[in-house]
Amino acid sequence: MKRTSYLLFTVPLLVVACSTTPVPVTPTLDTYNYGEVTRYGAHYADEGIESNVYMLDLYSPGLTLNEQGVIEGTGHNLCFSDVFTLPTDSRLQGGVTYVCNSTGRADTFLPGQDFDGNINGAYLLDIKDGQLSSITLFTNGEFIITQTGDTTDIDIQLVTTQKTAYHAVFHAPLHYQRPL
């Protein structure tokens, strides 16, 4: 009986594998409902970059931050450690498309990088029961911020180091924090 089931299951897979018609791959849509923004000002001024720098930290349902700021629960934490704006901006701006590159110019964010275990730029943490399960770095993409009253919408289109598309959305107020 097992052999018959196995053969019936295998035959359709072989037919699909031999098909010449490409099957479009739709990326999973992740939803985020809590976000924090930390402003660091002209953090890279010594390096000739006058842009203001922000960290945008988004959390999916199922994740919370405890009183010590430690992530608890199960879900995703999408982080943009270095988002650049004009020197005159005091917040991330609505109506702006932020693009991934390493120029440090306004309306850009750094690509994900791993410096001997020190992760920065654009990255995704997969958290299971409060423990880090995996890290995904993003090397390309953009996000668009739209502001309506106190609610911020962010449409995020990114590409991983393995060239996989990633799509996410955020819909909630952003909470602005002071740096530590």
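Tutor: What follows is a set of questions and answers about this predicted model.

Student: What makes the ring pair of Phe80 and Phe143 tilted?

Tutor: The ring centres are 4.8 Å apart, and rings count as a pair if their centres lie within 6.5 Å. Their planes stand at 50°, while under 30 degrees would be stacked and over 60 would be edge-to-face, so the pair falls in the remaining class and is called tilted. This pair links distant parts of the chain, since Phe80 belongs to strand 6 (residues 75–85) and Phe143 to strand 12 (residues 131–148), 63 residues apart. Both Phe80 and Phe143 are buried.

Student: Which residues do ring pairs link into a cluster with Phe80?

Tutor: The cluster consists of Phe80, Tyr98, Phe109 and Phe143, and the structure as a whole holds 7 aromatic pairs.

Student: How do you know that Cys79 and Cys100 are buried?

Tutor: A residue is called buried under 20% relative accessible area. Cys79 has 1% and Cys100 has 8%, so both values fall under that cut-off and both residues are buried. As for disulfides, the structure holds 0 of them.

Student: Where does Cys100 sit in its strand, and which residues share its face?

Tutor: Cys100 is in strand 7 (residues 96–100), on the covered face with Val96 and Tyr98, whereas Thr97 and Val99 make up the uncovered face. In a regular strand, side chains alternate between the two faces of the sheet.

Student: What makes strand 7 and strand 12 a pair, and in which sense do they run?

Tutor: Two strands pair if there are at least two bridges between them; strand 7 and strand 12 have 4 bridges, in the antiparallel sense, and that meets the requirement. In strand 12, Ile144 is the bridge partner of Thr97. Strand 7 is also joined to strand 8 (residues 108–109) by 2 bridges, and these strands run parallel. Here Cys100 stands opposite Phe109.

Student: Why is Asn52 called buried, and what does its side chain reach?

Tutor: Asn52, found in strand 3 (residues 52–59), has a relative accessible area of 4%, which is under 20% and therefore counts as buried.

Student: How do you know that the charged end of Arg91 is within reach of the ring of Tyr176?

Tutor: The charged end of Arg91 sits over that ring at 3.9 Å from its centre, and the distance limit is 6 Å.

Student: What makes the phi of Asp116 worth a remark, and is Asp116 buried or exposed?

Tutor: Most residues other than glycine have a negative phi. Asp116 has a positive phi of about 50° although it is not a glycine. Asp116 lies in the loop between strand 9 (113–115) and strand 10 (118–120), and its relative accessibility is 84%, over the 50% cut-off, so it counts as exposed. Lys163 likewise has a positive phi, near 70°, in the loop between strand 13 (151–160) and strand 14 (165–172); its relative accessible area is 66%, so Lys163 is exposed too.

Key. Residues are numbered from 1 along each chain as its sequence is written. This is a predicted model: local features need pLDDT of at least 70, side-chain atom pairs count only at pLDDT 80 or more; totals for chains, interfaces and linings use all residues. Side-chain values use heavy atoms; hydrogens and water are left out. Rings of Phe, Tyr and Trp (its six-membered ring) pair if their centres lie within 6.5 Å; planes under 30 degrees apart count as stacked, over 60 as edge-to-face and the rest as tilted. Buried means under 20% relative accessible area, exposed over 50%, partly exposed in between (1.4 Å probe, protein chains only). A charge sits over a ring if NZ of Lys or CZ of Arg is within 6 Å of the ring centre and within 35 degrees of the ring normal. A disulfide is a pair of cysteine sulfur atoms within 2.5 Å.
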